Amino acid sequence: MSDLSLSYLILWGSQTGNAEWIAKNIHTEASKKGYTGQCFVMDDYEQAPLQTTDILILVCSNTGDGDAPDNSLKFWKFLRRNKDKTYFKHAKFTVLGLGDSNYSNFNNTGKRLEKKLKDLGATVFYEKGLADDAEGLEETVDPWIEKLWEVLPTVLVQKSELSIKDSIEAEKQIEKEMTELQIDPYSMKNRKESLPEPVEKYAKLDHSLVVPPTEPLKRGSPLQISLEGLAPGAKLTGLPRVAVPVVKLTRLDDKRKQEDRKEVPAFVATPAPISYAPVTMVSCLSSADAVKRTLEVELDVGEGVDYEPGDAFGVVAPNDEDLVQAILHRLSIPLEEANNDLYKIEGGNLPSHLQHASSATLLELFRYAVDLTSQPRKAFFRMLADHTSDPKEKLSLMYICSKQGTAAFNAIRDECPTLLDILETFPSCQPPIERVLDLLPAHLPRFYSISSSPLKRNGKIRFAFNVVEYITRGNVERKGVATPWMDRVTERVPSRTTPTNVEITMDKTIQIPIFLRQNANAFTLPAETERPLILIGPGTGIAPFIGFLEHRQMQRKIRLSMGGVGSHPERQIREAFGPVHVYYGFRNRSMDFLFEKEIREFEADGTITHLALAESRASDGSPKVYVQDLIRRDSAQLFDLIINKDAAIYVCGDAKGMAKDVQDALVEILVNHQQMDVVEANKTLFSWIASKKYLRDLWA
Ligand SMILES: Cc1cc2nc3c(=O)[nH]c(=O)nc-3n(C[C@H](O)[C@H](O)[C@H](O)COP(=O)(O)OP(=O)(O)OC[C@H]3O[C@@H](n4cnc5c(N)ncnc54)[C@H](O)[C@@H]3O)c2cc1C
Ligand SMILES: NC(=O)c1ccc[n+]([C@@H]2O[C@H](COP(=O)([O-])OP(=O)(O)OC[C@H]3O[C@@H](n4cnc5c(N)ncnc54)[C@H](OP(=O)(O)O)[C@@H]3O)[C@@H](O)[C@H]2O)c1
Ligand SMILES: Cc1cc2nc3c(=O)[nH]c(=O)nc-3n(C[C@H](O)[C@H](O)[C@H](O)COP(=O)(O)O)c2cc1C
């Protein structure tokens, strides 16, 4: 008798959609291969046959500082509380973790899932995969899934091999086509230059969320693709499988009557309800000659909203309208049709971001549902190849997503092309809109840390951000989605001309769609006010600390107004609040010392007890100073605070360079003052992350 299991269960946890997409693809492909099973988001675990399925496949990403995605927190709670060491005794499992090695808690959830499942009695049937977004998830995910198909038949009953034969045949067909093409891969001749004529424009609507497009219709920047590794006639290997079509668009009889571009379409699902917060103040914190343009914005969220400084909230910004219209035009969709015709999206296993689109126009879908600017997936290029008529372009597309084309694919990723750039690189490519919707990732809200205190600004929140605009190695100008949009809708306030910022009061007609999200990471002030604080945040990383400091300033004022008792009331108040050490860095004192006025006030009134300022590009040519240099300088004092006085350490800002360098400086403190070795010191810091003594809010 066979001891193969009858069915599989896939559970996924995903913050920004990658794990969901991968899990659902594994599920679809496994079904096609003749396996029986089900696929659930982790938090729906109660509906999943956990106790009766023997083969478990867990796909989970990371967020925060090695934290589990929001839609898996209930499942984690269930796992944590489950002490039955035989609960998963029947089960064999494997884990695919998605992470990013820019974060020091790399793939923490994948590792923890494996440990927890083992603790609960399950055994591993296939070694876990830990994919790294920094090098491209595909590098690990694709071979891991390939190998999964080899391992699965050893543990799971396969009903029919028909589909395997089908897919082998499909691969053979592609190879044959490639050979028959007889192409000179180096020739990029005969590329079509012309595109259809520009289409009609919208009139400006007052304070619409959609910023009217500029004339003429935006053009993309076609990619320069090197086919160096492609020998004529060579066989391409490692091609991603063609993703199974899911999205089906059905045109509805109704037309969009009057488009309301002041509202986010109803199909956009957010973790908390969207509210439209009027902008009450905007201020440019940087000078015109600063490297980055930094804005501070105040929103009226209404009284009684429950938040703490350090909480983050989501902003739902549309994709750039120029880009949206140019892409729809390139996909041969007339603007009028895109604007008026309503569609229903159907399909089994639809990705979460398309599940609620029961009546939406194509313009709305391209503005709010799909991501048009993030790094493309190999599977996307593979799909495009199937809809490209020019043989040379088709070969280029197949090459990019093959193993031989890894260098070309990575070079494309480095250029962060928009969907328009990609489509204009391959003029004969005309993918159906459904396939494009199938393969584009979800358009996501952007999060911002609240930089104000409810004690000081009841009903208002403030936040600060850099406007993301940069030039790629290939000399193409690129910009982010949410920050340039906020810059434009708040009417591009002038850069500051004096060292202190000038606040511009707004008349509340401009509204930003937001939702509040409590800080899952507990990046908030400790309840014990006497605990010493070490706040480390260069650049805009200082933003949440301005909120902390406003809060502490108000707490001190309230305590003072209550008055101390006994013969030393002032001393009592001092003792009620622990010392606050701030390590803050900027490039140039006169250009981007953000929040200078506020910080000086906090210093003057004793809210900040120790201020360390690191200037990295001083006008007098002094050597670069970073926050970690000052941490090293103060190491004896910091050691005393951290070890003897139980200070809490907070770090906020860039995950790539700063967070790692600051961690190294903290490690050095433990090595030098507590005679630990580097490994032990790092372990201690990670244990402090778990115990919330060392808290980080980082962004790569
Ligand atoms: C919990 C949390 C809190 C946050 N708080 C804040 C905050 O208070 N303030 C703040 O400013 N940000 C904050 N962020 C980051 C913020 O959410 C956005 O990621 C950021 O504002 C960029 O958004 P965007 O849509 O303008 O850019 P996106 O469209 O997201 O583009 C950003 C991407 O552009 C690319 N990029 C940017 N610069 C370059 C460059 N020089 N070279 C090459 N590629 C580049 C990178 O791929 C980057 O990921 C926070 C993030 C989280 C998760
Ligand atoms: N809660 C959150 O997650 C949160 C909140 C706010 C901001 N952010 C994110 O944090 C990042 C901060 O960006 P920013 O533009 O404001 O600041 P930044 O560009 O990182 O620069 C700020 C200062 O840090 C210096 N710096 C550069 N490399 C460093 C390193 N390895 N160690 C220490 N300092 C270093 C810079 O110096 P030089 O340029 O001269 O080298 C500059 O003086 C952004 O990505 C933003 O989105 C996240
Ligand atoms: C705000 C943020 C925090 C992150 N923190 C970590 C982390 O601590 N460790 C890690 O390995 N990856 C981290 N990542 C990387 C993601 O896990 C990775 O990009 C993954 O592909 C996201 O998959 P998802 O779309 O399914 O959520 C982080 C990403 C973001 C955006």
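1. Start with domain 1 and domain 3: their centres, taken over C-alpha atoms, are 28 Å apart. This is a predicted model, so read each distance here as a computed one. Where the two domains meet, 8 residues of domain 1 are in contact with 8 residues of domain 3. On the domain 1 side, H1 gives the largest share, 5 residues. That side of domain 1 is made up of 1 nonpolar, 4 polar and 3 charged residues.

2. To place those two among the rest: domain 1 covers 8–157 and domain 3 covers 319–438. Domain 2 comes in two pieces, 276–317 + 445–517, and domain 4 is likewise written as 533–563 + 570–698.

3. Now the protein as a whole. You'll find 22 helices and 22 strands in it. The radius of gyration is 27 Å, close to the 27 Å from the globule rule for 700 residues, so the protein is as compact as a globular protein of that length. Along the principal axes, the C-alpha trace spans about 90 × 70 × 50 Å. Buried residues account for 41% of the 700. If you look at contacts between residues at least 6 apart in sequence, 81% of them join residues at least 24 apart.

4. Is H1 largely enclosed or open? Of its 15 residues, 11 are buried, so the helix is largely enclosed by the rest of the structure. Among the buried ones are Trp21, Ile22, Ala23 and Ile26, along with Glu20, Lys24 and His27. The cover over the buried residues of H1 includes strands S1 (8–13), S2 (37–41) and S3 (55–61), plus S4 and helix H4 (138–151).

5. At 1.5 Å a residue, its 15 residues should span 21 Å, and the end C-alpha atoms are 21 Å apart, which agrees. After the helix comes Gly34, with a positive phi near 95 degrees.

6. Ligand 2 has 26 residues around it, with Pro538, Gly539, Thr540, Ser616 and Gly657 coming nearest. Elements that give two or more residues to this shell include helices H15 (543–562), H19 (627–633) and H21 (658–674), and strands S19 (580–586), S21 (648–654) and S22 (694–699). Which domains each supply at least three residues to the shell? Domain 2 and domain 4 both do. The shell around ligand 2 splits into 10 nonpolar, 10 polar and 6 charged residues.

7. The C-alpha atoms of Pro544 and Gly310 are 5.0 Å apart, although 234 residues separate the two along the chain. Leaving out residues up to four places away in sequence, Pro544 touches Pro309, Gly310, Ser449, Ile450, Ser451, Phe523, Cys652 and Asp697.

Note on methods: Residues are numbered from 1 along each chain as its sequence is written. Chains are lettered from A and ligands numbered from 1 in the order in which they are written. This is a predicted model: local features need pLDDT of at least 70, side-chain atom pairs count only at pLDDT 80 or more; totals for chains, interfaces and linings use all residues. A residue is near a molecule or strand if its C-beta atom, placed from the backbone, lies within 6 Å of it. Helices (H or I, at least four residues) and strands (E, at least two) are DSSP runs, numbered from the N terminus. Ala, Val, Leu, Ile, Met, Phe, Trp, Tyr, Cys and Pro count as nonpolar, Asp, Glu, Lys and Arg as charged, and the others, Gly among them, as polar. Domain bounds come from an automatic or database domain assignment. The radius of gyration is taken over C-alpha atoms; the globule rule is 2.2 Å times the number of residues to the power 0.38. A residue is buried if 20 or more other C-beta atoms lie within 10 Å of its own, exposed if 12 or fewer, and partly exposed in between; C-beta atoms are placed from the backbone. Two residues are in contact if their C-beta atoms, placed from the backbone, lie within 7 Å. The expected span of a helix is 1.5 Å times one less than its number of residues.
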